[in-house]
Amino acid sequence: MNEKLNIAALGPYIGAQVSNLDLTRPLSDAQFEQLYHALLRHQVLFLRNQPITPHQQRALASRFGDLHIHPVYPHAEGVEEIIVLDTHQDNPPDNDNWHTDVTFIETPPAVAILASKLLPESGGDTLWASGIAAWETLSAPIKTLLEGLHAEHDFKKSFQEYKYRRNEEDHQRWQQAVTKHPPVQHPVVRTHPVSGRKALFVNEGFTTRIVELSEKESDAVLALLYAHATKLEFQVRWRWQPNDVAIWDNRVTQHYANADYYPARRVMQRATVLGDRPF
């Protein structure tokens with residue numbers, strides 16, 4: 001049996017398409033190792049035609065580590081580790097900004113796996129950007145400035161209270177999440193724990209300020225970094241088909257879910273693998 005994966009890069013900085021792999025079946029150690037090395041190199045991987053169930057998705061994600069259970073998003077029936085992102089007329093998209101998933105906890109996710117289940121007729125692409133490319137292309141003086149700085153990440157920046165006032169149950173869940181997740185601090189430049197490569201680690205979704213700078217300095221530096229990190233050169237864009245799967249390294253990327261399809265419906269399922277404390 002041929003266990004060699006076909007891995008085709010989609011650009012020089014980020015993204016690769018993987019074929020000759022069936023995610024509905026348990027991966028052999030050889031297959032998983034190839035997948036993991038490809039992920040470290042390309043930062044986000046895409047696979048077509050993978051009709052995985054929530055249980056299969058959870059099993060695959062568990063190969064990468066322990067799974068996160070999201071404080072506010074709904075989950076697949078009987079599989080609380082699989083988030084259901086079901087956007088439609090009455091539930092507008094909230095991922096249409098550049099963000100890195102769940103950086104509001106002490107150990108932000110290492111890896112995420114997203115599966116497309118129901119897609120609009122057109123639109124709804126997702127874009128990823130490489131924090132490694134963003135870091136490596138900064139000038140030496142800016143790198144010197146940023147090393148050693150810390151940024152605050154806050155749950156409330158992306159999950160604003162007004163969105164959870166529709167009913168008392170939602171509002172209570174939001175309040176519990178806020179209590180459980182006070183703002184945390186992470187380095188502005190993080191080192192990948194496996195590859196050792198450095199990456200910018202601020203994102204518009206959750207980063208509120210750079211701790212060591214004044215408010216005006218922080219705003220100016222963050223504006224520069226947000227614009228730089230999401231340059232077209234550092235991006236890959238994926239046009240979803242039903243049952244596609246994307247696997248990304250959340251430690252060194254940001255992503256943006258294009259909401260151009262709204263108010264049509266789009267249903268995705270996500271597994272999120274806990275990482276370690278950024279350094």
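Tutor: Gladly! The largest nonpolar core holds 32 residues, and those with the most contacts inside it are L23, L35, F64, V111, I113 and I247. Two or more residues come from each of β2 (16-19), α1 (29-42), β3 (44-47), α2 (54-62), β5 (79-87), β6 (109-118), β14 (245-249) and β16 (266-274), with α1 giving the largest share, six residues. This is a predicted model, where local features need pLDDT of at least 70 and side-chain atom pairs pLDDT 80 or more, while totals for chains, interfaces and linings use all residues. Residues are numbered from 1 along each chain as its sequence is written, and side-chain values use heavy atoms, without hydrogens and water.

Student: What makes a set of residues a nonpolar core?

Tutor: The members must be buried Ala, Val, Leu, Ile, Met, Phe, Trp, Tyr or Cys residues, joined through side-chain atoms within 4.5 Å. A second, separate core of 25 residues includes F46, I83, W128 and A246. In soluble globular proteins, nonpolar side chains tend to be buried together.

Student: Why is T230 called buried?

Tutor: Buried means under 20% relative accessible area (exposed is over 50%, partly exposed in between, with a 1.4 Å probe and protein chains only). T230 has 16%, so it is buried. T230 sits in the loop between α7 (215-229) and β13 (235-238). Leaving out residues up to four places away in sequence, T230 touches W98, A129, Q235 and Q254, where contact means heavy atoms within 4.5 Å.

Student: Why is β14 described as largely enclosed?

Tutor: Five of the five residues of β14 are buried, so the rest of the structure largely encloses this strand. V245, I247 and D249 point one way, A246 and W248 the other. In a regular strand the side chains alternate between the two faces of the sheet. As for the labels, helices (H or I, at least four residues) and strands (E, at least two) are DSSP runs numbered from the N terminus.

Student: How do you know that β14 pairs with β3 and with β6?

Tutor: Two strands pair if DSSP finds at least two bridges between them. β3 and β14 have four, in the antiparallel sense, and L45 has I247 as its bridge partner. β6 and β14 have five, also antiparallel, and V111 stands opposite D249. Both pairs therefore meet the criterion of at least two bridges.

Student: What makes a space a cavity, and what makes it a pocket?

Tutor: On a 1 Å grid over the protein atoms alone, a cavity is a set of points where a 1.4 Å probe fits but cannot get out; a pocket is an open set with protein on both sides within 12 Å along at least five of seven lines, and lining residues have an atom within 4 Å of a point. Two cavities of 30 Å³ or more are found. The largest cavity has about 110 Å³, and Y73, N95, H99, F159 and F206 are the closest of its 13 lining residues to its centre. The largest pocket has about 530 Å³, where a volume is the space filled by probe spheres set on the points, joined across faces, edges and corners.

Student: Which element gives the most to the lining of the largest pocket?

Tutor: That is β5, with four residues.
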